[in-house]
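This report goes through one protein chain part by part. Please keep the sequence and the structure in view while reading.

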Amino acid sequence: MRKFFQEIKADLKFKTAGPGQKLSEPSRVPKEKPKAEAAPKPRQGPTDEAQMAAAAALARMELKPKAKVASSQEAIKNQVRKELMAEAAASEKGLSGEEKDLASPEREGAAAPSVSGVYFICPLTGVVIRRDQKEKQLREAIQSYFSIDPVAASIMEIHTFNKDREKVRVGLETMAKYLDNIYLHPEEEKYRKIKLQNKVFQERISCLEGIHRFFQSIGFETKTLPNPEEYYVLKEEMLSKLEDLKGYKEQLLSCEPLRAQLDRQLCLFTPSPQAARFELPKDFYNLTAQEIKREQRLRTEAVEKASMLRTRAMREKEEQREMRKYNYTLLRVRFPDGYILQGTFYARESVSALYSFVREALRDDWLPFELLGPGGVKLTDENLAFNECGLVPSALLTLAWDAGVMADIQALGEEQPASPLKPELLSRVQTLA
């Protein structure tokens, strides 16, 4: 055996180098002439499975390099510290509320938020407003609407600003009985008078905000009768407009509260490696001062119980509690060409809202696609809420086209646009900071 290895070593002319010596080069074997290369086969398009696997791999790669997220307790402490320091600095300089945020000493050099806050659209005026200005703007809008349609404005006021829905239901049903009696028995004077000090009126109707303006707008006036007590009395001219009175009653019962619409704050970004990075403002968090203290207490208890075994049901309950901390979620959808579509949603909205949001951004909204969550998980159940899917308070999703449909489109040989997104969106594309 030793002789066999020596012969091989001699053939290769390979010698062990001592100190200061160089290894001798092995003998060169003459290269064979390269064979004629076969004609390259036409490249096949990726299959549906390949596209899905690539999307999943891409999502996993994005999850890997993420830095460890600070615990919820630490995040809360930092947020409280920031706000207290900002308020202290602002109070010394007499700054306004908006300037207080800018005055925060920790804000300098920090990453800019992905969105400046949560905004809404007033349904009456179309004005975009911040979350903390919603009720004020709605009140101003309804007040302005009194000059256009006082009956409709008073009804909107009743439904919008009385938060106890059961109390509203009982009050309006009682009010409807008053109006029915007048409509069905116009000759009966007693039905055209409503005693303001009546116990039922006081407990069910008078307590509702906006109800007195409704009485005035449909033709009632306040009178002090010889009793002497105050009454709402229907004006004589309204007896010839009983059909109007019936319509007011139906309108009163069928109206819904006026709600400001969440502004999606649609943005389109160029391809960016920062797509999975989010910096959210405090508007996205559903925590009051009392809830912050409670959260700190729960975290302390959780540390103490960390060594205890927990059932799956217990873990799921804790996860659901975590999800309830958020009112809103910021979602981004990355297209195969790298463009990133961003929008703001309620945390309890269903996944179908995101599919609709994406379709509205497409040049051809009929194109079938799928959305993949973090880890490449398909969002197939569109009825699930975002907080049930773990897509709060932010998430990056991937869009995958239907491979069969895309192959059919390419087979047509027609020239396709560079991007499937609407031109008006592409004209205001931004760079993700």
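## A loop residue

Is Pro271 buried, partly exposed or exposed, and why? The model is a predicted one, and in it Pro271 has a relative accessibility of 48%. Buried means under 20% and exposed means over 50%. Pro271 therefore counts as partly exposed.

Pro271 belongs to the loop that runs between strand S7 (267–269) and helix H11 (289–304). Leaving aside neighbours within four places in sequence, Pro271 is in contact with Asp337, Gly338 and Tyr339. Pro271 and Arg334 are 63 residues apart in sequence, while their C-alpha atoms are 8.3 Å apart in space.

## Confidence

The average pLDDT of the protein chain is 78, and 65% of the residues score at least 70. Residues 63–73 have a pLDDT below 50; this stretch makes ten contacts in the model beyond near neighbours in sequence. The pLDDT is also below 50 over residues 91–109, where the model has 15 contacts beyond near neighbours in sequence.

Leu354 is in contact with Leu331, Val333, Phe345, Leu371, Phe386 and Leu397, leaving aside its neighbours within four places in sequence.

## Helix H13

Which residues of H13 are buried? They are Val351, Ala353, Leu354, Tyr355, Phe357, Val358 and Ala361. An α-helix has 3.6 residues a turn, so residues three or four places apart point the same way. The buried residues of H13 pack against S8, S9, S10 and S11, and also against helix H15 (423–426).

## A hairpin

Strand S4 (residues 220–225) and strand S5 (residues 229–234) run antiparallel and are joined by six bridges. The two strands form a hairpin, with three residues between them. Thr224 has Glu230 in S5 as its bridge partner.

## Aromatic rings

The count of aromatic pairs comes to 14. In one of them, the ring centres of Phe215 and Tyr232 are 4.4 Å apart and the planes are at 15 degrees, so the pair is stacked. Phe215 lies in helix H9 (residues 211–217) and Tyr232 in strand S5, 17 residues apart, and the pair links distant parts of the chain. Phe215 and Tyr232 are both buried.

The rings of Phe345 and Phe357 have centres 5.3 Å apart and planes at 85 degrees, so this pair is edge-to-face. Phe345 is in strand S9 and Phe357 is in helix H13, so the pair ties together parts twelve residues apart in sequence. Both of these residues, Phe345 and Phe357, are buried. Elsewhere, Phe120, Phe284, Tyr328 and Tyr346 form one aromatic cluster.

## Charges over rings

Where does the charged end of Arg213 sit? The charged end of Arg213 sits over the ring of Phe146, at 3.9 Å from the ring centre. The charged end of Lys193 sits over the ring of Tyr231, at 5.9 Å from the centre of that ring.

Conventions: Residues numbered from 1 in each chain as written. Predicted model: local features only at pLDDT ≥ 70, side-chain atom pairs only at ≥ 80, totals over all residues. Heavy atoms only, no water. Contact = heavy atoms within 4.5 Å. Helix = DSSP H or I, 4+ residues; strand = E, 2+ residues; numbered from the N terminus. Buried < 20%, exposed > 50% of the residue type's maximum accessible area, 1.4 Å probe, protein only. Pairing = 2+ DSSP bridges. pLDDT = per-residue confidence, 0-100. Phe/Tyr/Trp six-rings, centres within 6.5 Å; stacked < 30°, edge-to-face > 60°. Lys NZ or Arg CZ within 6 Å of the ring centre and 35° of its normal.
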